[in-house]
Amino acid sequence: MTIQYKTRGTCSTHMTVEVEDGVVRSVRIQNGCSGNLQGMKVDDVIARLEGIRCGRKPTSCPDQLAQALKQAKAQ
């Protein structure tokens, strides 16, 4: 499954996430980075990244990735 996600409140502007059998296979972040998440299970990525803030911002690039994955799981 390919997830296209427009981020909000971060330096990155867009994420493309490839998920196969519940595992993150590829992450492309426009104006940001994917970190060391490739090969992790989706639930583990969400657990590690959800709620991370960027300075005084209420969200961050990692938090936005967690939101994208949660949104995809709900579909």
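The model is predicted: local features need pLDDT of at least 70, side-chain atom pairs count only at pLDDT 80 or more, and totals for chains, interfaces and linings use all residues. Residues are numbered from 1 along each chain as its sequence is written, and side-chain values use heavy atoms, with hydrogens and water left out.

Start with the fold. The chain has two helices and three strands. Both kinds of element are DSSP runs, numbered from the N terminus: helices are H or I with at least four residues, strands are E with at least two. In sequence order the pattern is β-β-β-α-α. The radius of gyration is 11 Å, close to the 11 Å that the globule rule gives for 75 residues, so the chain is as compact as a globular protein of that length. That radius is taken over C-alpha atoms, and the rule is 2.2 Å times the number of residues to the power 0.38. Along its principal axes, the C-alpha trace spans about 35 × 25 × 20 Å.

Now look inside. Of the 75 residues, 40% count as buried. Buried means under 20% relative accessible area, exposed means over 50%, and partly exposed lies in between (1.4 Å probe, protein chains only). The largest nonpolar core holds 19 residues. Such a core is a set of buried Ala, Val, Leu, Ile, Met, Phe, Trp, Tyr and Cys residues joined through side-chain atoms within 4.5 Å. Ile3, Val17, Val24, Val45, Leu65 and Leu69 touch the most other members. β1 (2-6), β2 (14-20), β3 (23-30), α1 (42-49) and α2 (61-74) each supply at least two core residues. α2 gives the most, with five.

Take Val17 as an example. Leaving out residues up to four places away in sequence, Val17 touches Met1, Thr2, Ile3, Val24, Ser26, Val27, Leu65 and Leu69. Contact here means heavy atoms within 4.5 Å.

Next, turn to the loops. Ser12 sits in the loop between β1 and β2. Is Ser12 buried or exposed? At 1% relative accessibility, Ser12 counts as buried. Its contacts, again without residues up to four places away in sequence, are Thr7, Ile29, Gln30, Asn31, Gly32 and Cys61.

Gly32 lies in the loop between β3 and α1. Gly32 counts as partly exposed because its relative accessibility is 40%. Arg56 is 24 residues from Gly32 along the chain, and their C-alpha atoms are separated by 18 Å.
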